[in-house]
Amino acid sequence: ALAAGSAGALRVDASGPVSPKGELSTAPLLGGGRSVARALASAIRTRHGRPDLVLCGDRSADCGTGALPGFLAAELGAAQALGAVWLRDAGPGRLLVHRRLDQGRREELRVGSPAVVSVEAAGVHLRRASLPAVVASRHTRIPVVTGPAAHGATGPRVLGSGPYRPRTHALAPPPGDEPVQRLRALTGALSDRTPPRVAGPLPPGEAVDELLNYLRERGYLPHDGEVANR
């Protein structure tokens, strides 16, 4: 980011406290969006004051939930426009934002400052950095601050985790009082059915006629009289 033209960089260490032995860490399971947003908001206010506009990605690639921009807007007391695909200046202290909706539709928002806008990566083109800027950025000192999440209260205690299993639903039992009757109802042993039929080997013409007759019996093709009426 520095090589591509950013004026400055700040690293916020928002790592939470280590979980006691035998307990699971809640950050990977719950996302940690609220604690990360609290740490970012505190660092931004301390170093830069209240910002007019915060731009961020809509979600991270490492199992992101997309909730961080909303939490950050709440911490900063700012308006939020999430999942933007296009935005531009709409006058002093205002933005015009387009959001993607289902079925190819767009939603147009007029957002006032301060605002937090998350942007989809689909329509964003990366700015290429020059080689001298890349080399110079490697020697730039990036300050590190510790967010309040590092010494804040712990989240909920997780006793266990596992794959999602949907709850079972009750089904009506098969009809019949005797086990044999229920087995017949389940297997359809006494129901009317078309017995299997083996035809062949046949010449190509007779094989095609056999296949067409089968499709007519099953209703996939009309009979000859129906074709004539149509």
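**Helices, salt bridges and burial in a predicted model**

Helix α6 (residues 204-218) comprises 15 residues and spans 21 Å from its first C-alpha to its last, close to the 21 Å expected at 1.5 Å a residue. The expected span of a helix is taken as 1.5 Å times one less than its number of residues. Helices (H or I, at least four residues) and strands (E, at least two) are DSSP runs, numbered from the N terminus. Following α6 is Gly219, whose phi is positive, near 90 degrees.

The model is a predicted one, in which local features need pLDDT of at least 70 and side-chain atom pairs count only at pLDDT 80 or more, while totals for chains, interfaces and linings use all residues. Residues are numbered from 1 along each chain as its sequence is written, and side-chain values use heavy atoms, with hydrogens and water left out.

The secondary structure of the chain amounts to 7 helices and 7 strands. Read from the N terminus, the order of these elements is β-α-α-β-α-β-β-β-β-α-β-α-α-α. Of the 230 residues of the chain, 15% count as buried; buried means under 20% relative accessible area, exposed over 50%, and partly exposed in between (1.4 Å probe, protein chains only). Contact means heavy atoms within 4.5 Å. Among contacts between residues at least 6 apart in sequence, 60% join residues at least 24 apart.

Two packed helices are described by the angle between their axes and the distance between the axes. Helix α2 (residues 33-48) packs against helix α3 (residues 68-76) at an angle of about 45 degrees, and their axes lie 8 Å apart. Axes are lines fitted to C-alpha atoms, for helices over the stretch in contact, and angles run from 0 to 180 degrees between N-to-C directions. The helices α2 and α3 are therefore oblique to each other, since angles under 35 degrees count as roughly parallel, over 145 as roughly antiparallel, 65 to 115 as roughly perpendicular and the rest as oblique. The contact involves Gly33, Arg34, Val36, Ala37, Arg38, Leu40, Ala41 and Arg45 of α2, together with Leu68, Phe71, Leu72, Glu75 and Leu76 of α3.

The structure holds 2 salt bridges, a salt bridge being a side-chain nitrogen of Lys or Arg within 4 Å of a carboxyl oxygen of Asp or Glu. In one, the side chains of Glu107 and Arg99 meet at 2.5 Å, N to O. Glu107 is partly exposed at 29% relative accessibility, and Arg99 is partly exposed at 23%. Arg100 forms a salt bridge with Glu120, with the closest N and O atoms 3.0 Å apart. This pair links distant parts of the chain, 20 residues apart: Arg100 lies in strand β4 (residues 94-100), and Glu120 in the loop between β6 (115-119) and α4 (131-137). Arg100 is partly exposed, with a relative accessible area of 40%, whereas Glu120 is buried at 18%.

Ala122 is also found in the loop between β6 and α4, and is exposed, with a relative accessible area of 66%. Ala122 and Val85 are 37 residues apart in sequence, and their C-alpha atoms are 7.6 Å apart in space. Ser118, by contrast, is located in strand β6 and is buried, with a relative accessible area of 2%. Residues up to four places away in sequence not being counted, Ser118 touches Cys56, Gly57, Asp58, Pro69, Ala81, Leu82, Gly83 and Ala84.
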